[in-house]
Every structure is written in C-alpha cells, then in structure tokens.
Amino acid sequence: MSRKLMGFNANQLVRLVATLALVGMVWYFVSNNGDMSIPSQGRIRESTNVVSSDEKKSVDSKMKHIEDNTIMPLMEDQEAKVELGRASWKYFHTLLARFPDKPTKAEREKLSTFVQLYAELYPCGECSYHFVKLLDKYPPQTSSRTAAALWGCHVHNIVNDYLKKPEYDCSTILEDYDCGCGDGPVDGGKVTVEKEGRQHG
C-alpha cells in the first residue's frame, strides 16, 4: 500500500487520527464529570475586576498575545473550563498510567507527539498557551510507564501550585489512575525511587 493516502503521508495521518481521538476522548470525559483539579488559567481575567486603565490594557495585551499564539479560542465560560479541565486531567493521567513499562522508540515518539498535540489543540486557548509553555520547560518523559506517570503528575502539580491548589501525592499516581481497562492492575503499589531506578526512567 502506498505511503500516501489522499495526499497525506503516514505521519500526517497518524497525527490526524490522534487529534480526532483526543477530541472524542475529551468530550467523553467531559460528559462523565472526570476527577482532579483543573488546568484553568483564568487568573489573569479574574484579577481585572478592580484595576486601573493601564493594568487593564496590559491584561488585554497579554490576552491578545495568547489568542494570537494559539489554535483554539479563549474560553470565557469558567464553569465549562472547570469541567473540561477535570475531564482532561483524568484522561491525561489514565493515559500515562497505561503507557508501556518498556516502550519502543516508536511508542516513545508517539507519546511525545501526542502530548504536544494535546497541548496545542486543547480546547481552551489560554490553557493551551500555558500548557505548551510548560512542555517547553518540562518535556514529556517517555522512558517508561512510571517515568511518564510521574512526569504528568509533576506537571499537574506545577499547575496546581500556580492555581494555589494543594499538591497531589505522586507516589500513588499509578494505582489512582488504574482504569481497570486492562487484563490486570497497572504495576500496583506506590511509586518509589527504587522502582523508578530499576526502570531507568
């Protein structure tokens, strides 16, 4: 079979399918009221209630910059942003907790690409902008299931800190997000330095 299909190469088709899967899964989890705290970055807009004209111009300028540098539009509805965030974090952590213990190079590349696309196509433009910046500073760790899950938890805790929310205990991340969708449990027990050391993640 040709490496091109309807003008798309194999990599473009993989990205397109991953994007469509992401959108479908986000909507699924949104409709099922997912857990965890939110990636809402609405602090800038919330702080504009009692501000000077210069401060408002500065905030408007920042929001315009964000809007110009994201694919998705800004999300004004805070309630929708909260629901989306909870569902997205649940999906994100479940995905990382199900990643292979010993991924191939191709699987590692696919996870990195998927996480980057997940951030770029996140339905809240402001959240997407901040998530992409976070990935620039803390790129996905894909050497093992444990490395990926701990990285995701660390990134989530950075968002929690920004939002002044409590830190999540990352030592239970694998068991907390074992969706029960496999043949058995996902490496039960707490994550420890010793376990992570053995996996070289």
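**Helix packing in a predicted model**

The protein chain here has 9 helices and 2 strands, where helices (H or I, at least four residues) and strands (E, at least two) are DSSP runs, numbered from the N terminus. This is a predicted model, in which local features need pLDDT of at least 70, side-chain atom pairs count only at pLDDT 80 or more, and totals for chains, interfaces and linings use all residues. Residues are numbered from 1 along each chain as its sequence is written, and side-chain values use heavy atoms, with hydrogens and water left out.

Along the sequence, the pattern reads β-β-α-α-α-α-α-α-α-α-α. Of the 201 residues in the protein chain, 39% count as buried, meaning under 20% relative accessible area, with exposed over 50% and partly exposed in between (1.4 Å probe, protein chains only).

Now to the helix pairs. Two packed helices are described by the angle between their axes and the distance between the axes. Axes are lines fitted to C-alpha atoms, for helices over the stretch in contact, and angles run from 0 to 180 degrees between N-to-C directions.

Take H5 and H6 to begin with. H5 packs against helix H6 (residues 125–137) at an angle of about 150 degrees, and their axes are 7 Å apart. The two are therefore roughly antiparallel to each other; angles under 35 degrees count as roughly parallel, over 145 as roughly antiparallel, 65 to 115 as roughly perpendicular and the rest as oblique. On the H5 side, the contact (heavy atoms within 4.5 Å) is made by Val115, Gln116, Tyr118, Ala119 and Glu120, and on the H6 side by Ser128, Phe131, Val132 and Leu135.

H5 (residues 105–120) also meets helix H4 (residues 78–97): their axes come within 13 Å and cross at roughly 175 degrees. That makes H4 roughly antiparallel to H5. H4 contributes Ser88, Tyr91, Phe92, Leu95 and Leu96 to this contact, and H5 contributes Leu111, Phe114, Val115 and Tyr118.

Next, H7. Helix H7 covers residues 145–162, and 13 of its 18 residues are buried. After H7 comes Lys164, with a positive phi near 60 degrees.

Where is Ser171? Ser171 sits in the loop between H7 and helix H8 (173–176). Ser171 counts as buried because its relative accessibility is 18%. Its C-alpha atom is separated by 9.3 Å from that of Cys153, 18 residues apart along the chain. The Ser171 side chain makes a polar contact with the side chain of Asp169 (2.8 Å). A polar contact is a pair of N or O atoms within 3.5 Å; within protein, one must be able to donate a hydrogen and the other to accept it, and residues adjacent in sequence count only if both atoms are side-chain atoms.

Terms used: Expected span 1.5 Å × (residues − 1).
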